Amino acid sequence: MEKLAEQLHTLPLKSVQIKDRFWSRYIKLRDVVVPYQWEALNDRIEGAEPSHAIKNFKIAAGEEEGSFHGMVFQDSDVAKWLEAIGYLLDRKR
């Protein structure tokens, strides 16, 4: 196992480019999906069940009144959105 660990190394994101026809069309969806998810996290999608994700943070920060809604891991949706944004920003450098 140690020998394998010695062979592994971190690959910088800038060194990876996906040019596959299948994946490229999904990667291009970021311009639609990321803004849509922000609207969903803020409960601004008509007809969709509210996630309360951002609202829960505002309540925890004392910016809004109310009580926590959703599952105990509700904040993971916001964390995953932030991870996606961080990845996309890094790719644009």
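**Close-up views of a predicted model**

The buried residues of helix H4 are Ala-53, Ile-54, Asn-56 and Ile-59. Buried means under 20% relative accessible area, exposed over 50%, and partly exposed in between, with a 1.4 Å probe and protein chains only. This is a predicted model, in which local features need pLDDT of at least 70, side-chain atom pairs count only at pLDDT 80 or more, and totals for chains, interfaces and linings use all residues. Residues are numbered from 1 along each chain as its sequence is written, and side-chain values use heavy atoms, with hydrogens and water left out.

**View 1. Helix H4 and its cover.** H4 spans 53–60. Helices are DSSP runs (H or I, at least four residues), as are strands (E, at least two), numbered from the N terminus. The cover over the buried residues of H4 includes H3 and H5. Just after H4, Gly-62 takes a positive phi of about 80°.

**View 2. Asn-56 within helix H4.** Asn-56 sits in H4. Its relative accessibility is 9%, so Asn-56 counts as buried. Which residues does Asn-56 contact, leaving aside its neighbours within four places in sequence? They are Ser-67, Phe-68, His-69 and Gln-74. Contact means heavy atoms within 4.5 Å.

View 3. Most residues other than glycine have a negative phi. Asp-43, which is not a glycine, has a positive phi near 60°. Asp-43 lies in the loop between H3 and H4. Asp-43 counts as partly exposed because its relative accessibility is 30%. His-52 is not a glycine either, and has a positive phi of about 60°. His-52 is also found in the loop between H3 and H4.

**View 4. The aromatic cluster of Phe-22, Trp-23 and Tyr-26.** Ring pairs link these three residues into a cluster. Rings of Phe, Tyr and Trp (its six-membered ring) pair if their centres lie within 6.5 Å; planes under 30 degrees apart count as stacked, over 60 as edge-to-face and the rest as tilted. The count by this rule is four aromatic pairs. The ring centres of Phe-22 and Trp-23 are 4.8 Å apart and the planes stand at 85°, so this pair is edge-to-face. For Phe-22 and Tyr-26, the centres are 5.2 Å apart and the planes at 55°, so the pair is tilted. Phe-22 and Tyr-26 are separated by about one helical turn because they are four residues apart in helix H2. An α-helix has 3.6 residues a turn, so residues three or four places apart point the same way. Phe-22 is partly exposed at 40% relative accessible area. Trp-23 is partly exposed at 48%, and Tyr-26 is partly exposed at 43%.

**View 5. The largest pocket and its lining.** The largest pocket holds about 380 Å³ of space. On a 1 Å grid over the protein atoms alone, a pocket is an open set of points where a 1.4 Å probe fits, with protein on both sides within 12 Å along at least five of seven lines; lining residues have an atom within 4 Å of a point. Of the 15 lining residues, the closest to the centre are Ile-27, Arg-30, Tyr-87, Leu-88 and Arg-91. Helices H2 (21–28), H3 (30–41) and H5 (76–92) each supply at least two residues of the lining. H5 gives the most, with five residues.

Technical notes
Points joined across faces, edges and corners; volume = space filled by probe spheres on them.
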